[in-house]
Amino acid sequence: MTLLDYGPDAILMKGLDGRNWRLKDYEARDGYQALKRILSEKIKPEDIIAELKKSALRGRGGAGFPTGLKWSFMPRQAPGPKYVVCNSDEGEPGTCKDRDLLRYNPHSVIEGMLIAGYAMSASAGYNYIHGEVWEIYEQFEEALAEAYAAGYVGRNILGSEFSHEMHAVPGYGAYICGEETALLESLEGKKGMPRFKPPFPASYGLYGRPTTINNTETFAAVPWIMRHGADAFLALGKPNNGGTKLFSVTGHVSRPGNYEVRLGTPFARLLEMAGGVRSGRKLKGVIPGGSSMPVLPADIMMATDMDYDSIAKAGSMLGSGAVIVMDDSTCMVRALERLSYFYFEESCGQCTPCREGTGWLYRVVHRIENGFGRMQDLALLDDVSDNIAGRTICALGDAAALPVKSFIKHFRAEFVHHIEHKRCLVPKDVVEPKWGRVDAPHEPHLANSMAEAA
Ligand SMILES: Cc1cc2nc3c(=O)[nH]c(=O)nc-3n(C[C@H](O)[C@H](O)[C@H](O)COP(=O)(O)O)c2cc1C
Ligand code: SF4
């Protein structure tokens with residue numbers, strides 16, 4: 001059986017062939033050894049947390065928050081139930097790595113969640129799985145049943161005093177349910193709307209109990225760290241950026257897909273692994289961390305390494321690791337129009353700046369794209385973005401505002417050309433056809449944006 005190719009440095013996706021996801025296969029790859037050692041040697045929870053801190057594992061869900069530090073916030077001694085939640089909602093446009101982990105290596109996630117449960121004295125764990133990848137949810141259920149049957153999950157795990165229940169829960173595809181507190185609301189059976197913070201989930205989480213939420217990839221990295229040691233994990237990456245990272249490389253590359261590379265790998269190398277920019281075209285820009293992160297032009301990206309600190313220094317964020325590659329056939333106004341439409345559609349509507357502002361951003365970009373823009377629209381976009389970012393309950397507001405600012409900052413000439421010449425700078429025969437499925441709802445917005453411009 002041919003192995004799936006995630007790259008030569010893969011550790012989480014190493015030795016996978018698409019079929020060897022079952023318990024016996026995972027055990028043959030040393031799976032559950034870390035959990036067994038922790039339970040048999042009665043390793044202290046604080047030692048596990050110290051190991052994670054040393055490994056410089058940072059959350060793979062978006063913000064890159066240090067995992068060991070997050071686990072240390074959990075009030076372990078507090079009486080009553082405490083929970084661990086795995087965020088497999090994976091709704092960020094461009095991101096498609098967590099579903100690979102769940103599809104091809106689900107027991108690594110289960111073992112990571114169990115170690116988390118032990119380290120934080122949590123009585124139960126929930127894996128909230130993106131509902132539009134239903135077969136993955138069903139497969140995870142199968143893997144979980146295997147783990148229960150083998151005594152890795154449930155009461156008195158492997159004869160120890162540690163008991164931990166685990167459940168898989170399907171989401172229904174709303175992007176906002178990936179935001180951790182909206183996810184908790186959804187898990188509780190309510191409408192997925194973000195909560196005000198503080199209180200943070202560590203003190204008031206699922207059903208009002210202390211809860212720690214991590215991304216799927218974050219949990220999957222934990223068994224490897226506990227098996228090979230924090231130093232080995234840290235050495236794979238660079239200081240403050242331990243380990244490998246799964247990048248979903250999409251867009252105008254010859255071989256789109258998921259690649260697992262060491263943090264600190266040059267972007268040029270990752271691009272090469274993905275087959276380079278498709279033939280005959282030049283790189284124009286890259287969104288390095290999922291659609292909510294600022295876009296960067298080609299020259300900056302080609303000089304940047306793929307780790308949290310380097311991307312931040314270059315002016316964007318590593319986010320979820322979704323690398324959206326755009327070549328010179330891309331109209332940046334049209335690209336921003338599409339992104340703005342997404343955030344407008346996905347806003348939960350709770351806060352005014354986000355509810356009203358995302359629609360405003362979309363309509364203004366829409367009219368520029370359609371030849372009805374005015375020069376003052378560029379300042380207006382900047383102003384509306386400033387009035388959303390940092391003024392909302394959750395970070396979806398920032399996610400809507402940051403791309404707008406960055407597209408105008410780096411590709412201003414294209415926006416100006418659209419306004420002055422009422423057409424695109426990129427030659428017509430080169431620009432790809434407009435997206436299909438969502439074309440229809442655009443016309444009413446066009447009417448609105450024309451009326452606003454008048
Ligand atoms: C609008 C929005 C959507 C998000 N979607 C996801 C998601 O799909 N998966 C994820 O792991 N984190 C997502 N996050 C981040 C989570 O709120 C949370 O920070 C993360 O799950 C923590 O895990 P980590 O520390 O392991 O990164 C989202 C955040 C926002 C604001
Ligand atoms: S920022 Fe947007 S998505 Fe987040 S809570 Fe407010 S309205 Fe909802």
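E161 is exposed, with a relative accessible area of 76%. This residue belongs to a predicted model, in which E161 sits in the loop between helix 7 (134-149) and strand 3 (165-170). The model also has a largest nonpolar core of 60 residues, a largest pocket of about 1,300 Å³ and one cavity of 30 Å³ or more. The points below take these features by topic.

**Exposed loop residues**

- The C-alpha atom of E161 is separated by 48 Å from that of G315, and the two residues are 154 residues apart along the chain.
- K191 is located in the loop that runs between helix 8 (180-187) and strand 4.
- K191 counts as exposed because its relative accessibility is 63%, and exposed means over 50%.
- Between K191 and Y152, which are 39 residues apart along the chain, the C-alpha atoms are separated by 33 Å.

**Nonpolar cores**

- In soluble globular proteins, nonpolar side chains tend to be buried together.
- Within the largest nonpolar core, of 60 residues, the most contacts are made by Y32, I48, W71, I110 and L114.
- Helix 6 (residues 106-119) supplies eight residues to this core, and that is the most from any element.
- L114 is in contact with Y32, L35, Y152, V153, I157, F162, H164 and M166, once its neighbours within four places in sequence are left aside.

**The largest pocket**

- The volume of the largest pocket is about 1,300 Å³.
- Its lining consists of 45 residues, and G61, G62, A63, G178 and E180 are the closest to the pocket centre.
- Two elements, strand 4 (211-215) and helix 17 (396-410), each give two or more residues to the lining of this pocket.
- Strand 4 gives the most, with five residues.
- By type, the lining residues of the largest pocket are 17 nonpolar, 17 polar and eleven charged.

**The cavity**

- Rolling a probe the size of a water molecule over the atoms shows where empty space is left.
- One cavity of 30 Å³ or more is present in the structure, and the volume of the largest cavity is about 80 Å³.
- Of the 14 residues lining the largest cavity, C348, C351, C354, C394 and L396 are the closest to its centre.
- Helix 15 (352-369) and helix 17 are the elements that give two or more residues to the lining of this cavity.
- The lining of the largest cavity divides into eight nonpolar residues, five polar and one charged.

- T392 lies in the loop between helix 16 (376-388) and helix 17.
- T392 counts as buried because its relative accessibility is 19%, and buried means under 20%.
- A polar atom of the T392 side chain lies 2.8 Å from the backbone oxygen of C394.
- C394 is also one of the residues closest to the centre of the largest cavity.
- Apart from neighbours within four places in sequence, T392 is in contact with C351, P353, C354 and G397.
- Of these contacts, C351 and C354 are likewise among the residues closest to the centre of the largest cavity.

Conventions:
Residues are numbered from 1 along each chain as its sequence is written. Chains are lettered from A and ligands numbered from 1 in the order in which they are written. This is a predicted model: local features need pLDDT of at least 70, side-chain atom pairs count only at pLDDT 80 or more; totals for chains, interfaces and linings use all residues. Side-chain values use heavy atoms; hydrogens and water are left out. A nonpolar core is a set of buried Ala, Val, Leu, Ile, Met, Phe, Trp, Tyr and Cys residues joined through side-chain atoms within 4.5 Å. Buried means under 20% relative accessible area, exposed over 50%, partly exposed in between (1.4 Å probe, protein chains only). Helices (H or I, at least four residues) and strands (E, at least two) are DSSP runs, numbered from the N terminus. Contact means heavy atoms within 4.5 Å. On a 1 Å grid over the protein atoms alone, a cavity is a set of points where a 1.4 Å probe fits but cannot get out, and a pocket is an open set with protein on both sides within 12 Å along at least five of seven lines; lining residues have an atom within 4 Å of a point. Grid points are joined across faces, edges and corners, and a volume is the space filled by probe spheres set on the points. Ala, Val, Leu, Ile, Met, Phe, Trp, Tyr, Cys and Pro count as nonpolar, Asp, Glu, Lys and Arg as charged, and the others, Gly among them, as polar. A polar contact is a pair of N or O atoms within 3.5 Å; within protein, one must be able to donate a hydrogen and the other to accept it, and residues adjacent in sequence count only if both atoms are side-chain atoms.
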